Amino acid sequence: MIRKEFIPIARPYITEEEINAVTEVLWSGWWTTGPKVTEFENEVVTYLNHDDNLYAVALNSCTAGLHLALLTLGIGEGDEVIVPTWTFAATAEVVEWVGAKLLLCDVEEGSLNIDVYKAEKLITERTKAIMPVHIAGYPCNMDAIGDLAEKYGLTVIEDAAHAMGTMYKGVKTGNFSKVTVFSFYTTKNLATGEGGMVVSKDKELIERIRKLSYFGINKEAFKRYEKMGTWFYDIEEIGYKNNFDNIHAALGLVQLKKLDTMNKIRRKIARRYREMLSTKFKFTEDSQEHYHSYHLFLLRVPIDIIGRDELIDKLKKLNIGTSVHYRPLHLHSHYRNRFSEENFQVANKIFPEILSIPLFPSMHDDDVEYVINNLNALVGS
């Protein structure tokens, strides 16, 4: 029997608590950057902190964080940055925004995270940074990435858009590299609608990003509407308009309190999928050693039985939402003529098979069973 209600690929987990928090900010009259933003930054640092030496700045997107991190680190024209081909457009485009050369790298078959050994072969004397992406919430091999960075003098900028709450060997993502950038987009594990955050152990770097996020104006500008504030501000350098606001921060503060619980629910659903879906499906990597936060649940479709796109169409008719994360960057028109397909054998092999299926904390048990039963039926299990 076909469900009347569509089961989406993702849905934010919202309760009266989030609504009340936003309402409180609306009535306060202080909607833009203000005390709630500072509180949210501090609470995220407390949540992530492993050794009492972490700083954060909230921004309007993860993309803004990656862009400003590159600028602040002085990466630009003449420099090279290594990025995995298996990621969203933002990870690569920010490199080109600052005028640096993009080096696309193939991925590991098990995790779809960057293949560190192939990355090493791309390094030249102009390579300045590597940007690993924790696909679906499973951590990259941070030991190997750290060793590579130390060997060649590279800066590590982690795209942790999928990895809020992810742990590598018991330590939360955000504690390993020079810069880590999170996303709070509406589908993410911690959702504020739009938003992101840069964390680093380098306080000066964070404060420079904060300044660049608001037209290069000194930090006193954020206080000018307070009682003890002043109208005076100074433009110290050219910046951008990437600041976060109190309304989104209010959402973030409530979501942060629930994050671990929501991630446990995600992991429970993922475990159910792994246990009950047909053995004809393959899954991306999980491990007892690390904590997979399961922003996404990725399947590899048995395309000898049913094509991936055919399966998507059949699931849509059954009111089951899906998506594909991702079409590798080297296959897009903008990059196709700049990179040889033969350098991406793993990505090319897996892309026709990959499929994301519904996974979100408010998903009911009977929705999960409905997805499982129909997937199994469609591959003839």
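I began with a side-chain pair: T91 and T87 make a polar contact of 2.7 Å. The model I am reading is predicted.

**T91**

I placed T91 in helix α4, which covers residues 89–97. I listed the contacts of T91 beyond four places in sequence and found L66, V83, M131, V133 and D159.

**Whole chain**

I went through the secondary structure and noted 12 helices and 12 strands in the protein chain. The radius of gyration is 21 Å, close to the 21 Å from the globule rule for 381 residues, so the chain is as compact as a globular protein of that length. I noted the span of the C-alpha trace along its principal axes as about 70 × 55 × 40 Å.

I looked up burial next: 55% of the 381 residues count as buried. For the accessible surface I have about 17,400 Å², with 50% of that belonging to carbon and sulfur atoms.

I also asked what share of the contacts with a separation of 6 or more comes from residues 24 or more positions apart. The share is 71%.

For charges I recorded 44 positive and 52 negative side chains. The centres of the two sets lie 3 Å apart.

**Helix α3**

I turned to α3, residues 62–72, and found it mostly covered, with nine of its 11 residues buried.

Just after α3, I read a positive phi of about 75 degrees at G74.

I looked for positive phi in residues other than glycine and noted L112, with phi near 70 degrees. L112 sits in the loop between β3 (101–105) and α5 (116–122). Its relative accessible area is 1%, so L112 is buried.

I noted A136 under this heading too, with a positive phi near 65 degrees. Its loop runs between β4 (127–130) and α6 (142–152). A136 is buried, at a relative accessible area of 1%.

Which two residues does a cis peptide bond join? I found H325 and Y326, with omega about 5 degrees. I located Y326 in the loop between α9 (308–317) and α10 (333–336).

**K36**

My last entry is on K36, which I placed in helix α2, residues 35–48. Its relative accessibility is 23%, so K36 counts as partly exposed; the cut-off for buried is under 20%.

I looked up how K36 and D245 are placed: they are 209 residues apart in sequence, and their C-alpha atoms are 7.9 Å apart in space. Leaving out neighbours within four places in sequence, I listed E24, V25, N246, A249 and L253 as the contacts of K36.

Definitions and conventions. Residues numbered from 1 in each chain as written. Predicted model: local features only at pLDDT ≥ 70, side-chain atom pairs only at ≥ 80, totals over all residues. Heavy atoms only, no water. Helix = DSSP H or I, 4+ residues; strand = E, 2+ residues; numbered from the N terminus. Polar contact = N/O pair within 3.5 Å; in protein donor to acceptor, adjacent residues only side chain to side chain. Contact = heavy atoms within 4.5 Å. Rg over C-alpha atoms; globule rule 2.2 N^0.38 Å. Buried < 20%, exposed > 50% of the residue type's maximum accessible area, 1.4 Å probe, protein only. Areas by Shrake-Rupley, 256 points an atom, 1.4 Å probe, with all protein chains shown as cover. Lys, Arg positive; Asp, Glu negative; His and termini not counted. Charge placed at Lys NZ, Arg CZ, Asp CG, Glu CD.
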